[in-house]
Amino acid sequence: MRKPFEITYGMLATGNKRFQNFIIDSIVTTLLQIGFAKGGDMLYGIYGIKGFQVGPPVLGNIKYTILALGISIVYYGLFETVNMRTLGKYITNTMVVNADGTRPDSMRIFLRTLCRLIPLEFITFFGRRPVGLHDGLSKTLVVDITAFREAQIKQANKENNEQNSNDEQG
């Protein structure tokens, strides 16, 4: 586990990168949703079990809505718990961290994932700071990995220099 340290504005992923993450992850989850729905419909066609039939992604299709929500929860929850990153975050070189720079635990990621389901939550990104409602409620941030790692190295070097200085004086 990483040692806590202050996340500065310069380490945060830009609004542009956050938007790219949103678009990429939306495409991935939509493709997964359609794939699972088509797969369920094919199984219904083969076996005739009504429970497999999902139907098209139209307003009012409860089965599809439940499938879509489930896939989103699993996608974000699994990727961010295991890797601190989704496919979108891999492409944009960003990752999720706690507000103190440490790795988020699975419960914090689960809360973050559930908060994404709040209707119109994406509007919270239109402010000056690229931090959304799901970040604030879960006390997580999305950081640019390069800037984050550089800050970690600077902090470690500073601590080593302070330690060496204390050793020389003592």
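Which residues are linked in a network of salt bridges? Arg18, Glu80, Lys89, Arg112, Arg116 and Asp135 form this network. The model is predicted, so that local features need pLDDT of at least 70 and side-chain atom pairs count only at pLDDT 80 or more, whereas totals for chains, interfaces and linings use all residues. Residues are numbered from 1 along each chain as its sequence is written, and side-chain values use heavy atoms, with hydrogens and water left out.

**View 1. The salt bridge of Asp135 and Arg18.** A salt bridge is a side-chain nitrogen of Lys or Arg within 4 Å of a carboxyl oxygen of Asp or Glu. In this pair the N to O distance is 2.9 Å. Asp135 lies in helix 5 (residues 133–138) and Arg18 in helix 1 (residues 15–47), 117 residues apart, and the pair links distant parts of the chain. Helices are DSSP runs (H or I, at least four residues), numbered from the N terminus. Asp135 is buried at 0% relative accessible area, and Arg18 is buried at 8%; buried means under 20% relative accessible area (1.4 Å probe, protein chains only).

**View 2. The salt bridge of Asp135 and Arg112.** The closest N and O atoms of Asp135 and Arg112 are 2.4 Å apart. This pair also links distant parts of the chain, with Asp135 in helix 5 and Arg112 in helix 4 (residues 106–115), 23 residues apart. Arg112 has a relative accessible area of 0% and is buried.

**View 3. The salt bridge of Glu80 and Lys89.** The side chains of Glu80 and Lys89 meet at 2.8 Å, N to O. Both residues, Glu80 and Lys89, are buried.

Technical notes:
Helices (H or I, at least four residues) and strands (E, at least two) are DSSP runs, numbered from the N terminus. Buried means under 20% relative accessible area, exposed over 50%, partly exposed in between (1.4 Å probe, protein chains only).
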